Amino acid sequence: MRKFFLYIVTIVCLIFIIPFLLTAKFKEIETITYEEMEQPEFDKEPYNYGEYKQIKVVNSVDNITTEMNLDEYLLGVVSAEMPADYEIEALKAQAVVARTYTLYTITHNNDKHGEGVICTSSSCCQAWISKEERMEKWEEDERNNNWKKIEEAVYSTKGEVIEYEGQVIDAFFHANSGGKTEIPVNVWGGTNYPYLQTVETAGEEGYSQYSSEVELSKKEFEGLMKEKYKDFEIDWNEKNAISISEYTDGGRVKLIKIGNKNLSGVEVRSIFSLKSANFICKLEGDNIKFSVIGYGHGVGLSQTGADSMAKNGSNYKDIILHFYANVQIVSI
Ligand SMILES: [Zn+2]
């Protein structure tokens, strides 16, 4: 009889109490979605950018140059560069950064795109996608809402750019810093920029871009090294066949010895197509395994860092001032 009673109590618990506790817990962490928010009105009238009103964009796919209105171009950049399900404040930060990057490119035009000023390749300039193509790639039920968010990001920050001492900055950005951004000299050599410093951001580990792995056989590894250096040699029996000799302040590999070669972390990233220069390299049996943290060069704004900051209540200005040191956000 007692057993039967216990049995009944357990069933009651399972049916009523546990689901109640679970729902109560979920309710607590429920956040308001973009659709549920009261959306501000923003005016879509073209902003007067004076001489920067129009931009000539070279499509990297078909090489056709199209001239478009600056903010219209930025809708295509923001929607190509950042997932639309990121927080609106992160998208607004991306819009201001993209506008700044674009203006810097216009004013520092190096003629590398012929009659155009900027191209649509993310590895050369910044990504861009047409509205039609973008809409097609989104699920049907989220298209309109996503596009509204992109429009809000661009139009509610109309005219705003980032300046350092009165000059538009070279606003680098990347996907995931792995927790710490990098200074330009460690990536491209040359000189540093006072507004691009190493900064830390919490919460980047929660994104898929945070960690990745690349595994190769010894033969594949040697093949890729020899493509770059014909005289490359390595003795796998040697204890320090591969050893990292120096790290950057941003935690990336600065110098690494591989066999008879001393390379920079950036070079190793390029040879083995790693997502970043923040990696460790281990010999596992007959394979070499790279475990990589972060995605991209690590300089300037981290997109996942921006989204993580926005989730914790930062607005787009806080985000920009976090990733770029001693800058001002101004209307031009
Ligand atoms: Zn380009």
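The model is predicted: local features need pLDDT of at least 70, side-chain atom pairs count only at pLDDT 80 or more, and totals for chains, interfaces and linings use all residues. Residues are numbered from 1 along each chain as its sequence is written.

I start with the loops. Most residues other than glycine have a negative phi. Asn 63 has a positive phi, near 65°. Asn 63 sits in the loop between strand 1 (54-58) and strand 2 (65-69); strands here are DSSP runs of E, at least two residues, and helices are runs of H or I, at least four, numbered from the N terminus. With 11 other C-beta atoms within 10 Å, Asn 63 is exposed. The cut-offs, with C-beta atoms placed from the backbone, are 12 or fewer for exposed, 20 or more for buried, and partly exposed in between.

Strand 11 (residues 279-284) and strand 12 (residues 287-293) pair in the antiparallel sense over 6 bridges; pairing takes at least two DSSP bridges. Leu 283 has Ile 288 of strand 12 as its bridge partner.

Last, the helices. How do helix 3 (residues 88-107) and helix 10 (residues 316-323) cross? Their axes come within 8 Å and cross at roughly 55°. Axes are lines fitted to C-alpha atoms over the stretch in contact, and angles run from 0 to 180 degrees between N-to-C directions. The two helices are therefore oblique to each other; under 35 degrees is roughly parallel, over 145 roughly antiparallel, 65 to 115 roughly perpendicular, and the rest oblique.
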